[in-house]
Amino acid sequence: MSADVLLIGTLALGGNPWLCLLIATMGNWLGGLTSYWLGRIGKWEWIERWLKVKEEKLLQQKKNIDRYGIWLALFTWLPIAGDLFAIALGFYKVNPWLSAIYMLIGRLGRFLVWIFLYLHFAKRFFPHIS
């Protein structure tokens, strides 16, 4: 289930928005860091052997990672693509500390937007919510 759905559901059940923000951000961030470190322990030989990706393709992807670098970490919250970004950042050994900080910023921003939308529009669509 999407973290966004869980966050909105928890808020709708009366959860404290700031506590929900903290828990959702930290849990989602730790998941992203896990993806980063899974990528970090990956080896080119494994990718070629088990996923049948040729070295030329990996080098082409590395150029994209080198081009956008750390900025990709801000978008690791995106569905599907975000996990791939996190794994790629780890696989291509992008700075772990900066990756972690930018991932945290991106994920915090994501949940701040959801909480803002909920607090400002929930009563309009769900009048029974107090």
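I started with helix 2 (residues 17-41) and helix 5 (residues 81-91), whose axes come within 6 Å and cross at roughly 45°. The model I am reading is predicted. The crossing of helix 2 and helix 5 is right-handed.

Next I listed the residues at this crossing. Helix 2 brings Gly32, Ser35, Tyr36, Gly39 and Arg40. Helix 5 answers with Asp83, Ala86, Ile87, Leu89, Gly90 and Phe91. I sorted the contact residues of both helices by type: 5 are nonpolar, 4 polar and 2 charged.

Then I turned to salt bridges. How many does a search of the whole structure find? The search gives 2.

I looked up Arg110 and Asp4. Their side chains form a salt bridge at 2.9 Å, N to O. This pair links distant parts of the chain, 106 residues apart. Arg110 sits in helix 6 (residues 96-125), and Asp4 in helix 1 (residues 3-12). Are these two partners buried or exposed? Arg110 has 11% relative accessibility, so I logged Arg110 as buried. Asp4 has 15%, so Asp4 is buried too.

My last entry is Lys62 with Asp66. This salt bridge spans 3.1 Å, N to O, between the side chains. Both residues lie in helix 4 (residues 55-68). They are 4 residues apart, about one turn of the helix.

Notes: Residues numbered from 1 in each chain as written. Predicted model: local features only at pLDDT ≥ 70, side-chain atom pairs only at ≥ 80, totals over all residues. Heavy atoms only, no water. Axes fitted to C-alpha atoms, helices over the stretch in contact; angles between N-to-C directions. Helix = DSSP H or I, 4+ residues; strand = E, 2+ residues; numbered from the N terminus. Left-handed = near helix turned anticlockwise from the far one by under 90°. Contact = heavy atoms within 4.5 Å. Nonpolar A, V, L, I, M, F, W, Y, C, P; charged D, E, K, R; others polar. Salt bridge = Lys/Arg side-chain N within 4 Å of Asp/Glu carboxyl O. Buried < 20%, exposed > 50% of the residue type's maximum accessible area, 1.4 Å probe, protein only.
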